[in-house]
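Subject: Structure handover

Hello,

The structure is placed below, and my notes on it follow. Please read them alongside the coordinates.

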Amino acid sequence: MVVGVTVSFVFAAERRQLILEMVRANGAVSLRELARVVQTSEVTVRRDVRALEAEGLLDRRHGGAVLPGGFTRESGFPQKSHLATAEKTAIADLAASLVEEGEAIVVGAGTTTQELARRLARVPGLTVVTNSLLVAQALAHANRVEVVMTGGTLRGSNYALVGSGAEQSLQGLRVSKAFLSGSGLTAERGLSTSNMLSASVDRALVQAAAEVVVLADHTKLGTDTMFQTVPTDVITRLVTDDPSGHDDRAVTELQALADQGVQISVAGASGAGGAGGDPVPTRPSRRDVPLPGPRRNQVHGTAPQLRTATVLGDQPPAGERERERAARVADLRRR
């Protein structure tokens, strides 16, 4: 439960002090929750958070605000589970559509991969290898899904098995796809995380898969953390939400990733799960559009192949500034 106070109206200085107190009390708070408590818009709260970040009082991370600490800090699972929930649900819906009946896959630890696991319970004949207790729990009662857990030492902050035992249990394994999330994603370094043990296990999961699918909402785009897990040239596909209504950094990073050959699949927030995180059965609209840039495996002297970005449940962003950003993304996709 997020600790906070309800106020009818506050001036900017008082509002920012309340935001700072909430972050200090909880470690991490979503923009949506901050806006609810101080009774203002998320746009205003985002401006307040940026001002507090400029003063070094907090950091912006994952659709919210966290205690300052740069590369060395990591929010615990309870905090992460309340951040960017609608985006994670939409991403999980789209990622689940990439899994076919009878496949063998690996699924890493994280709040987004836990959402994915809940949807994989309906895929018959599936074999899921995971180091996440929460992923295994989400699939525990799926009659037609076989769950294989790694060994290792339990890391309580994210309910994941890590260490040499987890890595050794993955040796000799070969599956079709690996689904991973992390703390940050940049075109320069790829996927990264704040914990060395988690990074090491994620690298072992990647080595077991023919394709690597990264699940990352727009708040992680452009964020770099201490330990690299998946270099950009190893990432096959990124499943994310539409960043055009949020910030230019995410839009720029998305384009840079596409230019380096990463297939981009963009999911909208419509068709998100209902109460309790269970997916609502829908048939969302879907369209494919080309993205520029050469493929990593392009043969020299041949024409580049176009990748496609899957757009799920697109909704027009509100506000003139958001419409301009959406137009930029659309223009990038048409080129």
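Gly-182 is buried, with a relative accessible area of 16%; buried means under 20%, exposed over 50%, and partly exposed in between, with a 1.4 Å probe and protein chains only. Gly-182 sits in the loop between β9 and β10 (184-186). Helices (H or I, at least four residues) and strands (E, at least two) are DSSP runs, numbered from the N terminus. Leaving aside residues up to four places away in sequence, Gly-182 touches Leu-191, Ser-192 and Lys-220, where contact means heavy atoms within 4.5 Å. From Gly-182 to Ser-194 the C-alpha to C-alpha distance is 8.5 Å, with the two residues twelve apart in sequence.

This is a predicted model, in which local features need pLDDT of at least 70 and side-chain atom pairs count only at pLDDT 80 or more, while totals for chains, interfaces and linings use all residues. Residues are numbered from 1 along each chain as its sequence is written, and side-chain values use heavy atoms, with hydrogens and water left out.

On confidence: pLDDT is the predictor's confidence in each residue, from 0 to 100. The protein chain has a mean pLDDT of 76, and 70% of its residues reach 70 or more. Over residues 1-9 the pLDDT is below 50, and this stretch has 18 contacts in the model beyond near neighbours in sequence. Residues 70-82 stay under 50 too, with 31 contacts beyond four places in sequence. Where pLDDT is low, the predicted coordinates should not be read in detail.

For the chain as a whole, there are eleven helices and 17 strands, and buried residues make up 51% of the 335 residues. Of the contacts between residues at least 6 apart in sequence, 66% join residues at least 24 apart.

Next, the interior. A nonpolar core is a set of buried Ala, Val, Leu, Ile, Met, Phe, Trp, Tyr and Cys residues joined through side-chain atoms within 4.5 Å. The largest has 30 residues, of which Leu-185, Val-214, Leu-221, Val-230, Leu-238, Leu-257 and Ile-264 touch the most other members. At least two residues of this core come from each of β9 (175-180), α9 (196-207), β12 (209-215), α10 (248-259) and β15 (263-267). A second, separate core of 25 residues includes Ala-96, Leu-126, Leu-139 and Ala-267. In the largest core, Leu-257 has contacts beyond four places in sequence that include Thr-186, Thr-232 and Val-262.

Which helix is largely enclosed by the rest of the structure? Helix α6 (residues 111-120) is, because nine of its ten residues are buried. Among them are Gln-114, Glu-115 and Arg-119.

Leu-154 belongs to strand β7 (residues 153-155) and is partly exposed at 48% relative accessible area. Tyr-159, in the loop between β7 and β8 (160-162), is partly exposed at 34%.

Finally, the backbone. Tyr-159 has a positive phi of about 55° although it is not a glycine. Gln-39, also not a glycine, has a positive phi of about 55°. Gln-39 is in the loop between α2 (31-38) and α3 (42-54) and is partly exposed, with a relative accessible area of 46%.

Regards
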